[in-house]
Amino acid sequence: MNVRRLLAGVAVAVCGLVAVAPAAGADPAEPGNYRSKELCVVRAPAPRAKPPTCAAAVDVPITAKVVGGDGFLDLTVEAGHTVEMPGYTGEPWLRVDEQGTVEENQASSATYLNQSRFGSAENTDIPDWVTIEGATKNPRWKTVGHGGNYVWHDHRIHYMTPQIDPTLLPGTNRVVISDRDDGLWYVPLSVDGTDYEILGELREFPAPSPFPQWGLATSLLVLLAVAGLILRGPAARIAAGALLVVGGLALWAGASELAVVPALAGGNPIWVALPIVCVVLAIGALALRSAAARSIAVLAAAAALGVWAVLRVPAFDKAVPLGSLDPTLTRLIIAAALGTAAGAIVAAIASGGLALRLADLDDDEDDEPATPRHPTSGPTPARGGGDTSDATAADR
């Protein structure tokens, strides 16, 4: 088997995954220090009535959940039911029919404001013809989804002015994000003609120190680098073993992210594709007999894991990562991936495997130099002191 062709094929496959992976229709979800969470659905209060709490929660044929920490609201409507949701000024904005077709009013300012996390009238390009009156009297409906599901940045569920410290409910870390006394956020909607509100809370968490993560990454880098410089020959196998273990942890963390962040919120298959490539190449490196092929497989596995980790370094000082794993564990896995990837690269280079000739990249050759082959045709020199002039001449 030609190992070079195999590794090239893997690289092309990964690039293809990156190219075709679904992109978010708005700012993708990112780790942060806020967590927003849906709590319940209640009937909308009558004018001047006291806002209901979750003690008055009702069952409705919808599912609403926050995804991406506090970035997106994910709404799913059961088939056979209709839902309408107003924009920020009460104009018609979103509707879902009984067949699950989702339509968005292009004449509503919410259509444009919801394209970015901190969208506001001042920094959003809203067409001049978009007005409250026009959105109400002459809506322009456009199909934006099917299956009764839609995901968007709803500015009622996250804090919109990060440059100013939020107001917290006394004695708690709950951010006061509405005019309710308890600080809960609410999103109005109607289901089958009846008005309801989705209630939820936004909480702020202190940012963790990034030093433990950088310390772990540096320690693993130094450990693998020293192993490569001292052990040399076995270093590539040691690095491959480390990549296999840490790549498996990265796959676990990436799968937990992909499971809770949909494509419309920035969920990307590359979150699991890169760790899978790392694990497969690490297994291959452990099985290969050619030192050159093993070193190249280690370098490729380290590159895949390194890209995965570098994309997640911003989570080092964020309290709320994207996945469902424990935040501290997630940060440590990212740090381990970063340090292991960097250390494995050093170990693979220091092992000396890359110094072998290119022909050694085929897996059917051992690490030892091939035994020189004698010619299979032509005169054979005579044994014992016989005349060798004819053989010498033939060889020439």
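Cys40 is buried in this predicted model. Its relative accessibility is 12%, and the cut-off for buried is under 20%. Cys54 is partly exposed, because its relative accessible area of 31% lies between the 20% and 50% limits.

These two cysteines are partners. Cys40 and Cys54 form a disulfide, with 2.1 Å between their sulfur atoms. The structure holds one disulfide. The bond links distant parts of the chain. Cys40 sits in strand β1, residues 34-43. Cys54 sits in the loop between β1 and β2, the latter being residues 62-67. The two cysteines are 14 residues apart. What is the handedness of this disulfide? The torsion about the S-S bond is about -90°, so the disulfide is left-handed.

Another cysteine, Cys278, is buried too, because its relative accessible area is 0%.

Now turn to a pair of helices. Two packed helices are described by the angle between their axes and the distance between the axes. Here the pair is α7, residues 291-310, and α8, residues 327-350. Their axes come within 8 Å and cross at roughly 155°. An angle over 145° counts as roughly antiparallel, so α7 and α8 are roughly antiparallel to each other. The crossing of α7 past α8 is left-handed.

Which residues meet at this contact? From α7 come Ser295, Val298, Leu299, Ala302, Leu305, Gly306, Trp308, Ala309 and Val310. From α8 come Ile333, Ile334, Ala337, Leu338, Thr340, Ala341, Ala344, Ile345, Ala348 and Ile349. Of the residues in this contact, 16 are nonpolar and three are polar. None is charged.

Conventions
Residues are numbered from 1 along each chain as its sequence is written. This is a predicted model: local features need pLDDT of at least 70, side-chain atom pairs count only at pLDDT 80 or more; totals for chains, interfaces and linings use all residues. Side-chain values use heavy atoms; hydrogens and water are left out. Axes are lines fitted to C-alpha atoms, for helices over the stretch in contact, and angles run from 0 to 180 degrees between N-to-C directions. Helices (H or I, at least four residues) and strands (E, at least two) are DSSP runs, numbered from the N terminus. Angles under 35 degrees count as roughly parallel, over 145 as roughly antiparallel, 65 to 115 as roughly perpendicular and the rest as oblique. A crossing is left-handed if the near helix is turned anticlockwise from the far one by less than a right angle, and right-handed if clockwise. Contact means heavy atoms within 4.5 Å. Ala, Val, Leu, Ile, Met, Phe, Trp, Tyr, Cys and Pro count as nonpolar, Asp, Glu, Lys and Arg as charged, and the others, Gly among them, as polar. A disulfide is a pair of cysteine sulfur atoms within 2.5 Å. Buried means under 20% relative accessible area, exposed over 50%, partly exposed in between (1.4 Å probe, protein chains only).
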